[in-house]
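Please read the sequence and the model below together. The paragraphs after them go from the whole chain to single residues.

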Amino acid sequence: MKHVNILGVPFSITNHSTLVEQLNQHIQKHEKSFVITANPEIVMRANQEEAYMKSLHRATYITADGIGIVKASRLLGQTLPERVTGYDVMIEMLKLADLNHYRIYLLGAQRDTLEEVKKHIQQFYPHIQVVGSHDGYFDWQHNTISEEIMQSSPDLVFVALGAPKQENWIAEHIDQFNKGVFLCVGGSFDVIAGKVKRAPLSWQNKNLEWFYRLLQQPTRWKRMLALPRFSYHVIRQKVKRSL
Ligand code: UDP
């Protein structure tokens with residue numbers, strides 16, 4: 001798949017439906033894959049932490065989570081077709097998992113949130129086999145999560161530890177597995193459990209989802225400071241290329 005390089009991060013030139021189709025094929029062929037949906041904050045962090053940049057480079061696909069990434073790709077001359085968010089991909093993969101009776105594993109979020117997510121899946125996707133789960137607050141060095149995943153042999157692993165933990169966790173463990181689609185889904189478990197509301201479609205279509213999240217969780221304001229820094233560095237990348 002073709003890439004566009006945005007500040008050292010290789011974004012896959014793909015749209016939502018093509019990615020979902022490809023992930024389904026990986027499952028059918030028992031192949032392994034690792035999906036990251038990255039926003040400007042993730043790109044800026046990778047530029048500051050070498051180990052995190054290395055984790056990102058282990059991914060099979062990195063998609064544009066956020067209009068800032070799509071706009072940056074336009075400016076750099078190789079356009080990413082649309083935003084492909086972790087939440088949207090998760091919902092589509094749940095539908096496919098129900099249709100095909102796939103096995104899934106859920107990793108992340110608070111314990112009560114995780115229980116709500118399991119209930120939701122049992123109710124709305126009754127043919128999915130939830131073969132295991134673990135909350136997102138565990139001792140990083142001492143745990144048996146990857147062994148549990150290996151033994152339960154899921155087709156899909158949803159990892160909701162937030163950035164940068166989810167990308168680092170998968171990058172650290174992916175070599176141990178020989179199949180499974182590993183998908184980073186950030187705060188999606190909180191949305192499915194009804195703890196956090198996703199922006200209405202009208203806001204999403206106006207590219208204001210980030211603002212809606214800020215209104216819901218004002219403590220996120222500091223994280224948003226990455227955006228102006230991101231814009232500045234993208235413009236620098238463009239200028240450097242044209243010299
Ligand atoms: N989380 C977790 N373990 C941690 C830190 C966070 O499981 O050590 C979970 C948290 O409960 C929430 C999600 O990760 O469900 C992070 O959500 P956020 O909206 O911050 O995701 P991001 O925007 O970073 O992708």
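Predicted model: local features only at pLDDT ≥ 70, side-chain atom pairs only at ≥ 80, totals over all residues.

Residues are numbered from 1 along each chain as its sequence is written, and side-chain values use heavy atoms, with hydrogens and water left out.

The protein chain contains 12 helices and 8 strands; helices (H or I, at least four residues) and strands (E, at least two) are DSSP runs, numbered from the N terminus. Its radius of gyration is 18 Å, close to the 18 Å that the globule rule gives for 243 residues, so the chain is as compact as a globular protein of that length. The radius is taken over C-alpha atoms, and the rule is 2.2 Å times the number of residues to the power 0.38. Along the principal axes, the C-alpha trace spans about 55 × 35 × 35 Å.

Of the 243 residues in the protein chain, 47% are buried. Here buried means under 20% relative accessible area, exposed means over 50%, and partly exposed is in between (1.4 Å probe, protein chains only). Among contacts (heavy atoms within 4.5 Å) between residues at least 6 apart in sequence, 75% join residues at least 24 apart.

The charged side chains come next. There are 29 positive and 23 negative side chains in the protein chain, and the centres of the two sets lie 9 Å apart. Lys and Arg count as positive and Asp and Glu as negative, while His and the chain ends are not counted; the place of a charge is taken as NZ of Lys, CZ of Arg, CG of Asp or CD of Glu.

Side chains of opposite charge can pair when their charged atoms come close. How many salt bridges does a search of the whole structure find? The search finds 13, a salt bridge being a side-chain nitrogen of Lys or Arg within 4 Å of a carboxyl oxygen of Asp or Glu.

Arginine 223 is partly exposed at 39% relative accessibility, and glutamate 41 is partly exposed at 26%.

Aspartate 175 and arginine 58 form another salt bridge, their closest N and O atoms being 2.8 Å apart. Aspartate 175 lies in the loop between helix H8 (165–173) and strand E8 (180–184) and arginine 58 in the loop between helix H3 (50–57) and strand E4 (61–64), so the pair ties together parts that are 117 residues apart in sequence. Aspartate 175 is exposed at 59% relative accessibility, whereas arginine 58 is partly exposed at 39%.

Within helix H5 (residues 86–100), lysine 95 and glutamate 92 are 3 residues apart, separated by about one helical turn. They form a salt bridge whose closest N and O atoms are 3.5 Å apart.

Finally, asparagine 24 is located in helix H1 (residues 16–28). Asparagine 24 is buried, with a relative accessible area of 13%. Apart from neighbours within four places in sequence, asparagine 24 is in contact with Met93, Leu96, Asn100 and Tyr102.
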